[in-house]
Amino acid sequence: MPEHTDARALNLPWILERTRIWTRRALILALRVSRLVVTGLRHIRPGIRYLWRALLRRWRRSLEFRTVAVTIVLSMVSFAVVGAYLSNQIANNLFQERLKQAESESRYYVKQVQDTFDGSQANDQSSVITLVYDTLKAVEGNGSVIQRRYVFEAMPEQTKPRNRWVESRASDQLTVRVIPPALRKAVQESGKDQYWASTEFPVGNQDHPGIAVGNKVTFNGTVYELYLLYDLDTAQQTLDEIQNVLWAGGAALILMIGGIAWYVTRNVVSPVSHAAVVSEKLAAGQLQERMVVKGEDEVARLGASFNHMAASLQEQITQLATLSQMQQRFVSDVSHELRTPLTTVRMAAEVLFDARDDFDPINKRSAELLYNQVERFQSLLSDLLEISRFDAGAAVLDAEPTDIFQVVAHVIDGASPVAAEYGSDVRLTSRHKRIIVEMDARRIDRILRNLLLNAVEHGEGKPVHVSVAANHDAVAISVRDFGIGMTAAETARVFDRFWRADPARARTTGGSGLGLSIAAEDTKLHNGWLQAWGRKGSGSNFRLTLPLKKGGTIVKSPLQLEPADIHLPGAAPERHMLVLEAGDPPPERGSAVETGPADDPSLPPALPAAPDNDVDDHQGGTAP
Amino acid sequence: MKARILVVDDDEALAEMIGIVLRNDGFDPVFCADGGQALEVFRSSKPDLVLLDLMLPGSDGIEVCRQIRGESDVPIVMLTAKADTSDVVRGLESGADDYVPKPFKPAELVARVRARLRPGDQKAPETLRIADVTIDVAGHLVTRGGERISLTPLEFDLLVALARKPWQVFTRELLLEQVWGYRHAADTRLVNVHVQRLRSKIERDPEAPEVVLTVRGVGYKAGA
């Protein structure tokens, strides 16, 4: 918009113009860059992706990187804001100064021109033309460089006087087209006021930004518009230089701020990351590891208290280790001290037992009792020692890749005399031929033998089913009997030490009452699950799940805990399930639920969800 | 002729009881209660087999085992109250052929002793080869490139068992039955430890065995 020169002129149009230029430049640059990036991306996408991931990882893992990056980005943003404000301010001042100059100059020259015109005596064509041209030429200034350009144009729509020999005239090859129409309109419509507007006009072969100041002059009764054009190119160059300096300074400043941020963060973070390294080492068992403490600042206090913590931790752990070692030694010594005389007693009892037919009835019976009870005493002792070895933490897993079927076949083989005695038929079912498991075969053998003998003993002569299955991370062996089964309360206590389902029966079937406790401990050592299910009258099912790899975790057991062969009559069933966890509790519970009614098509859907309660009760009671 | 058995045990009652059982089964027991004198008694009595308690006063049972093994291939059966892996393995590694965990039954002890005393049954002249190792079965001789390799009778039996059926993979249980004479479950660590010892003697590089190969998850077989 053209402005009234007397009013406080706004330089908005000029700014807009400049913004337009910059926007156009930025747009072109952005377009080029994006095209380059797109073509580049197509070729180096994997590299970019790798770089991006590396950066993301760095961002996640390094406090230092994050702080420096955030500092740089934030200072870039704040610098962009401040820089934009500064450059705007400078541009404004430069412009205002130039404008003021242009306005006063214009006023002066226009007055001069008008005075010359008014006082002229010329009345023939050539002298008028000469006068006008010379007068206007004088406006351009008298140096080798044109100081101001002019555009001289007769106002349209006026009666043409007789002696109007000059229609228009301009410096260089300018035409009236370089004058913004709005400015012309303002000048044409006003009285004697001076107006100005920002414009662009060609100088040589370049467009220069400039200010056009418009006035009316009268010559020989003809009203002319006289525009003086002031070149702002030098101001623009100054501004460009200032901006360049500003941006360069900004970039340097941001680099420096980044460096400072890096240095400061490093100073603060390096003790923290040192602490992290030290605590990792501590956690890994290097208890003598300590932080380096320097000075008296917060970091030093952190280090000192960290070291204090580490020291007391070390003390306690060492103490615990000593205690555990002492108990292990004790167990080991007791074991040795008890076993030697027991061996003698046992051998003596056997010698007597073998010779019992030569004794009178009283001595014979005594020899038999002695022999049997020594046997029982010995199995009790060895179970007790085994349990105390677990309690002392002295049990070690001696894992080796072994085919589970070797162990299972061996256990079934070993149990066959007992099974024959009870009239039970032990059946092995599996879709697999060979499953290699990293396990301690001795312990797994012991667990399975225990489960199988229990099943045979409580199976009432009915068949015992052994199933083996595997998925990609676990193997499961379940031992199912169809005997007397267990109630909820019994299932919940089945892994408790010295617990017997039927105290009266236990005396005859023997066993120490520690068998399943030891089995549970053995399972725990393998990071596995040992779970029991039972229903009174329908038998029970024990499921052992082991990770295929030593130290692996089980997500889901390959076998169902609750047997699918249970067919329920209409009456409310009495179903009980127990989950003894030796691995992570959450998947444990999930698997117990998973084997529940929802997944079992053979069960009516309206069953009460009793198992969960059992799980909770039991875990509260026995899970260590 | 009665086989002579040296019983090295500091517990007099147990030693006496073992003596009764052994005598009852037709052996000739000799006793030594002190580990420090075990080697002397061994030299003077020249037993056919040694029953050795792992925990002895004066000298560690394992040390005694090492001393005896240092000068003789006579079978050594350890009596151990410690069923812990490390002790059993340490004992086997120091040269014992077999072990009986306390408390044991008399029959168990006698069975172990007999298994180790199996008379060097008249073997037919037979020459076996595994890799570059030659075994003269009748002459109880193992050679590689004409150089003799000294093996204990147990190690020799283990090697012969593998060499006789080079196509077969032996499970540890099968080896326990064929070499140690166990009919029922036994400690498979016996096999592991003795295979390691055998390898340390006959393999060029025990880390990369060529004679006795491991079949993962199953057992062992003879090399090509």
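Predicted model: local features only at pLDDT ≥ 70, side-chain atom pairs only at ≥ 80, totals over all residues.
**Overall composition**

Chain A has 624 residues, of which 30% count as buried. Its secondary structure comprises 14 helices and 14 strands. Among contacts in chain A with a separation of 6 or more, 69% are between residues 24 or more positions apart. Chain B has 224 residues, and 42% of them count as buried. Eight helices and 12 strands make up the secondary structure of chain B. In chain B, 54% of the contacts between residues at least 6 apart in sequence join residues at least 24 apart.

**The parallel sheet of chain B**

Five strands of chain B form an open sheet with parallel pairing, in the order β2-β1-β3-β4-β5. Its edge strands are β2 (28-32) and β5 (98-101) of chain B, each of which pairs on one side only. From one strand to the next, the twist averages 20°.

Within this sheet, strand β1 (residues 4-8) of chain B runs parallel to strand β3 (residues 49-53) of chain B, and four bridges join them. Ile5(B) stands opposite Leu49(B) in β3(B).

Helix α1 (residues 12-24) of chain B lies across β1, β2 and β3 of chain B and runs at about 165° to β2(B). Helix α3 (residues 61-71) of chain B lies across β1, β3 and β4 (76-80) of chain B, and its direction is at about 160° to β3(B).

**The antiparallel strands of chain B**

An open sheet of three strands in chain B has the order β10-β12-β11, with antiparallel pairing. Strands β10 (170-171) and β11 (212-215) of chain B stand at the edges with a single partner strand each, so one side of each has no neighbour in the sheet. Four bridges pair β11(B) with strand β12 (residues 219-222) of chain B in the antiparallel sense. The bridge partner of Leu213(B) is Lys221(B) in β12(B). Helix α6(B) packs on this sheet and touches β10, β11 and β12 of chain B, with its direction at about 70° to that of β12(B).

Strand β6 (residues 127-130) of chain B is joined to β7(B) by four bridges, with Thr127(B) opposite Asp136(B). The hairpin of β6(B) and β7(B) has two residues between the strands, and Ala131(B) takes a positive phi near 50°. Strand β8 (residues 141-144) of chain B also pairs with β7(B) over four bridges, and Asp136(B) stands opposite Leu141(B) in β8(B). The hairpin of β7(B) and β8(B) has four residues between the strands, with a positive phi of about 55° at His140(B) in the turn. Strand β7 (residues 133-136) of chain B has Val133(B) and Ile135(B) on a covered face, while Thr134(B) and Asp136(B) are on an uncovered one.

| Strand pair | Sense | Bridges |
|---|---|---|
| β1(B) and β3(B) | parallel | four |
| β6(B) and β7(B) | antiparallel | four |
| β7(B) and β8(B) | antiparallel | four |
| β11(B) and β12(B) | antiparallel | four |

**Nonpolar cores**

The largest nonpolar core has 63 residues, and those touching the most other members are Val8(B), Ile18(B), Val50(B), Leu51(B), Leu52(B), Leu159(B) and Leu162(B). Helix α6 (residues 153-164) of chain B gives the most to this core, seven residues. The core lies between domain 1 (4-117) and domain 2 (127-222) of chain B, because both domains give residues to it.

Beyond its neighbours within four places in sequence, Val8(B) is in contact with residues including Cys32(B), Val50(B), Leu51(B), Leu52(B), Leu56(B) and Val64(B). Another core, of 46 residues, lies apart from the largest one; its members include Leu448(A), Ala455(A), Ile477(A) and Phe542(A). In soluble globular proteins, nonpolar side chains tend to be buried together.

**Contact between the chains**

On the chain B side, 22 residues are in contact with 25 residues of chain A. Helix α1(B) provides the largest share of this side of chain B, with five residues. By residue type, the side of chain B that touches chain A consists of 12 nonpolar, four polar and six charged residues.

How values were computed. Residues numbered from 1 in each chain as written. Chains lettered and ligands numbered in written order. Core = buried A, V, L, I, M, F, W, Y, C linked by C-beta atoms within 7 Å. Buried ≥ 20, exposed ≤ 12 C-beta atoms within 10 Å, placed from the backbone. Domains from an automatic or database assignment. Contact = placed C-beta atoms within 7 Å. Pairing = 2+ DSSP bridges. Axes fitted to C-alpha atoms, helices over the stretch in contact; angles between N-to-C directions. Nonpolar A, V, L, I, M, F, W, Y, C, P; charged D, E, K, R; others polar.
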